Amino acid sequence: MDPHVGHVRIFDTTLRDGEQAPGCTMTLEEKLEVARQLARLNVDIIEAGFPAASPGDWAAVHEIAREVGTPNGPVIAALARANRDDIEKAWAAIQPAAKKRIHTFMSTSDIHLEHQFRKTRAQALEIIHEMVTFARSLCEDVEFSPMDAGRSDRDFLREAVAVAVAAGATTLNIPDTVGYLTPDEYGAMIKDLAENVPGIEHCILSTHCHDDLGVAVANSLAGVRGGARQVECTINGIGERAGNASLEEVVMAIHTRGQFYGVRTQINTRELARSSRLVSSFIGVPVPPNKAIVGANAFAHESGIHQDGVLKYRQTYEIMSAETVGLDGNELVLGKHSGRHAFRTKLKAMGVELESEEEFQHLFERFKDLCDRKKRVDDRDIEALVTGELQHTPQIYTLDHVQYSSGLGMIPTATVRLIGPDGQPRVDSDQGTGPVDAIYKAINRVIQRPSELIEFSINAITEGLDAVAEVTVRIREQGVPSREEQSEKIGASTSTTAVLTGRRVAQQIFSGYGVHTDTIVAAAHAYMAALNKMLAARQERIKAEAVAYAAGYASDPGGLPVDLFGGSTLG
Ligand code: KIV
Ligand code: ZN
């Protein structure tokens, strides 16, 4: 009997399934920051990436394994297709982690086998047997996923899972890859496997549900009812197409209805809101206000009857508290008179790790600046300040000065001064349809790198007229090959589904985040952050390749990328 019978493991795949969604790309530093936050959240397993996809993915997994995969930290998992090359790359990438897992997968639905892999069921079973055995010869913790399990023939699925169990898989993850099943069907499928696969009682059954029909969370919970003791999910539910099951919703459903489900998780729920905001700011996708658990309105009561009830007795209209998910943000209010010590203590309590005293000093000055503009500075403001100021983007161009004028009957005009990579100031001006447009045009005149603004959003972090504004932008670089075109060249893709379907995905999208009490200045910072990311992306690819080699990953650097990352085949 499993001693952790009531423990549901949370397997976070934000950095793998989440990050492979169009426009959700993160830099290596951002991935590390998310991994640190996932460790604070106390997830059981972090799927750090898909090392065979690119040198950048490999390096990110390796770095996360090194820094976050401590003995008391989470298990670090890496994804690998069912072939030796992928599995070896995954194994090499997770080496520094104290607790390692190889996650390999092979489709089992006829539709995938016939039209995509061009394999028979018998061949699929052979591959599963061989590759799980191989993975197990390297690593004692091996997860196997029969991809598109949801549309697989049930008898064959049972057979495939049994082969993986016999070959040594320790976790059997059952993906509803295209989000096709209903909760009843998904729960029944898990129950059937739990009851009918020989040896499964020694393994962990896991859910992996996509949200195409909007039931990924319901399906995951039905899977738990059916006997699953691991749930794969992502922060804010990001992921391929409509996304994955949202971690915060799954966790809070189990937390709030623990008696009904008869299980628990080890998640530190007070870190949920912060995890959500961090991921949202990195990928440039705002959390909808009505999003369950972490949306700005999730605990807001608007109607008179509800307000009346909540004021008299909170539970009249609340099934959980904002504090439980970390949405209160008012724990320690700092102000103008708070000194270095108080600020340092606050950062420490928030788990913010600074790289140098210089970084602290910079942040402290920005904090003081904020205190001059805003009466009450709470956790949410500080968190936004840290995220905005410590953007892990190399500052290729720095915004040194921005000035704008606009108003009724005026032509919006802006002047910017940027400090370039050579340390020299560059000044330019332009006009636009509004102040933000004028500033963006002036910045473009300096940087001269064509990009398209595809999303712009403003949000007030706290209440009141002196609220800090956060601006998120997403831009697309123009005149460069798309991710798919690049991956066609190297023969592997960072997007599993894209590889599998041969579908083209959007060109690489870069997001930027800016915070300031002046919304227009916040918008300028956000745009600069996105542009710097775009400019840094190429440099980072080159650096990641160097890291992969420095770690002894391949002997022939001249072969990159075709030789090293082009050999993978789909099973
Ligand atoms: O959705 C899916 O099938 C996957 C697998 C790679 C586990 O993400
Ligand atoms: Zn998936």
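**Salt bridges and ligand shell**

The count of salt bridges comes to 32. The model is predicted.

**Arg-121 and Asp-153**

- The closest N and O atoms of the salt bridge between Arg-121 and Asp-153 are 3.8 Å apart.
- Arg-121 belongs to helix H6 (residues 121–138) and Asp-153 to the loop between E5 and helix H7 (154–166), so this pair ties together parts that are 32 residues apart in sequence.
- Arg-121 is partly exposed, at 32% relative accessibility.
- Asp-153 also has a relative accessible area of 32% and is partly exposed, because the partly exposed class runs between under 20% (buried) and over 50% (exposed).

**Asp-400 and Arg-417**

- Asp-400 and Arg-417 form a salt bridge in which the closest N and O atoms are 2.7 Å apart.
- Asp-400 sits in strand E9 (residues 398–405) and Arg-417 in strand E10 (residues 413–419), so the bridge ties together parts 17 residues apart in sequence.
- Asp-400 is partly exposed with a relative accessible area of 42%, and Arg-417 is partly exposed at 32% relative accessibility.

**Arg-476 and Glu-452**

- A salt bridge joins the side chains of Arg-476 and Glu-452, at 3.5 Å from N to O.
- This pair links distant parts of the chain, 24 residues apart, with Arg-476 in strand E13 (residues 469–477) and Glu-452 in strand E12 (residues 451–460).
- Glu-452 has a relative accessible area of 33% and is partly exposed.

**Network**

- Arg-16, Asp-17 and Glu-47 are joined into one network by salt bridges that share partners.
- Arg-16 and Asp-17 are also among the residues around ligand 1.

**Ligand 1**

- Besides Arg-16 and Asp-17, the residues around ligand 1 are His-103, Phe-105, Ser-145, Met-147, Pro-175, Thr-177, His-208 and His-210.
- By class, this shell has three nonpolar, five polar and two charged residues.
- Helix H1 (14–18), strand E4 (100–107) and strand E5 (142–147) each supply at least two residues of the shell.
- An N or O atom in the side chain of Thr-177 is 2.6 Å from an oxygen atom of ligand 1.

Notes
Residues are numbered from 1 along each chain as its sequence is written. Chains are lettered from A and ligands numbered from 1 in the order in which they are written. This is a predicted model: local features need pLDDT of at least 70, side-chain atom pairs count only at pLDDT 80 or more; totals for chains, interfaces and linings use all residues. Side-chain values use heavy atoms; hydrogens and water are left out. A residue is near a molecule or strand if one of its heavy atoms lies within 4 Å of it. A polar contact is a pair of N or O atoms within 3.5 Å; within protein, one must be able to donate a hydrogen and the other to accept it, and residues adjacent in sequence count only if both atoms are side-chain atoms. Helices (H or I, at least four residues) and strands (E, at least two) are DSSP runs, numbered from the N terminus. Ala, Val, Leu, Ile, Met, Phe, Trp, Tyr, Cys and Pro count as nonpolar, Asp, Glu, Lys and Arg as charged, and the others, Gly among them, as polar. A salt bridge is a side-chain nitrogen of Lys or Arg within 4 Å of a carboxyl oxygen of Asp or Glu. Buried means under 20% relative accessible area, exposed over 50%, partly exposed in between (1.4 Å probe, protein chains only).
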